[in-house]
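Morning, everyone. Please take a look at the chain on the screen, and then I'll walk you through it.

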Amino acid sequence: MNATNPSGVVHHVAPPMPAEPPLRARQYGHAGLIPFIVGTLLLWLVYPDLQPWVALGLAAYGALIVAFLGGIHWGLAMDSHASGQRAFGWAMVPPLVAWLALVMPAHAGLVVLGVMLVVCYLVDRRLYLEKGMSAWLTLRFRLTVIAALCCFLGAAGT
């Protein structure tokens with residue numbers, strides 16, 4: 001959407017943000033919790049000789065999600081002129097931390113991933129408010145709480 005001021009300069013005006021994320025985004029976000037929940041439950045239910053494999057699966061999925069959260073910043077930085085350089089730098093932190101967590105023993109790596117999920121939310125909270133995307137914060141909070149809790153419970157189950 002474009003708006004013209006009295007001097008004839010065209011300004012780009014962003015369309016208003018909806019009150020909540022689209023239904024499909026909410027559905028996919030909640031579906032993305034399934035591997036966290038199932039992985040955590042399995043860690044507590046499987047025979048001990050299978051636990052390392054289940055823990056690796058849970059940690060790998062957690063690492064993918066943490067890396068994805070960093071990728072959001074990369075994508076937003078590509079579309080931003082002001083804070084691009086700093087956003088590109090932060091975008092690299094989550095995947096690097098996720099990789100380190102993945103090569104750690106599961107009882108430690110899952111804790112690192114749980115903490116990183118919370119840290120990503122805190123960083124995103126500030127960014128989403130700056131970008132006028134506050135409607136996504138409730139969904140992000142819920143997804144973060146459940147995913148991080150699953151990581152912590154999974155670490156306790158290893």
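Among contacts between residues at least 6 apart in sequence, what share join residues at least 24 apart? It is 64%. Keep in mind that this is a predicted model.

Let's get our bearings. The chain has six helices and two strands. Along the sequence the order is β-β-α-α-α-α-α-α. The chain has 158 residues, and 34% of them count as buried.

Now the core. The largest nonpolar core holds 25 residues. Phe36, Leu43, Val66, Leu110, Leu113, Leu117 and Cys151 have the most contacts inside it. Which elements give two or more residues to this core? They are helix 2 (34–45), helix 3, helix 4 (84–103), helix 5 and helix 6. In soluble globular proteins, nonpolar side chains tend to be buried together.

Take Leu43 as an example from the largest core. Leave out residues up to four places away in sequence, and Leu43 touches Gln51, Val54, Ala55, Leu58, Leu110, Gly154, Gly157 and Thr158.

Next, the pocket. The largest pocket contains about 450 Å³ of space. How many residues line it? The count is 20, and Gly29, Phe68, Leu69, Arg140 and Leu143 lie nearest the centre. Four helices each supply at least two lining residues: helix 1 (23–31), helix 3 (51–78), helix 5 (106–130) and helix 6 (137–156). What classes of residue make up the lining? Sixteen are nonpolar, three are polar and one is charged.

Stay with Gly29 for a moment. Gly29 sits in helix 1. Is Gly29 buried or exposed? Its relative accessibility is 18%, so Gly29 counts as buried; the cut-off is under 20%. Now look across to Leu143. Gly29 and Leu143 are 114 residues apart along the chain, yet their C-alpha atoms are separated by 7.1 Å.

On to helix 5 and Tyr121. Tyr121 lies in that helix. At 10% relative accessibility, Tyr121 is buried. Setting aside residues up to four places away in sequence, Tyr121 touches Leu137, Arg140, Phe141 and Thr144. Arg140 is 19 residues from Tyr121 along the chain, and the C-alpha atoms of the two are 7.0 Å apart.

Thr144 is our next stop. Thr144 belongs to helix 6. Thr144 is buried too, because its relative accessibility is 7%. Its contacts, with residues up to four places away in sequence left out, are Leu117, Val118 and Tyr121. Leu117 was on our list for the largest core.

The largest pocket has a lining with 16 nonpolar residues. The largest nonpolar core has 25 residues. Thanks, everyone.

Notes. Residues are numbered from 1 along each chain as its sequence is written. This is a predicted model: local features need pLDDT of at least 70, side-chain atom pairs count only at pLDDT 80 or more; totals for chains, interfaces and linings use all residues. Side-chain values use heavy atoms; hydrogens and water are left out. On a 1 Å grid over the protein atoms alone, a cavity is a set of points where a 1.4 Å probe fits but cannot get out, and a pocket is an open set with protein on both sides within 12 Å along at least five of seven lines; lining residues have an atom within 4 Å of a point. Grid points are joined across faces, edges and corners, and a volume is the space filled by probe spheres set on the points. Ala, Val, Leu, Ile, Met, Phe, Trp, Tyr, Cys and Pro count as nonpolar, Asp, Glu, Lys and Arg as charged, and the others, Gly among them, as polar. Buried means under 20% relative accessible area, exposed over 50%, partly exposed in between (1.4 Å probe, protein chains only). Contact means heavy atoms within 4.5 Å. A nonpolar core is a set of buried Ala, Val, Leu, Ile, Met, Phe, Trp, Tyr and Cys residues joined through side-chain atoms within 4.5 Å.
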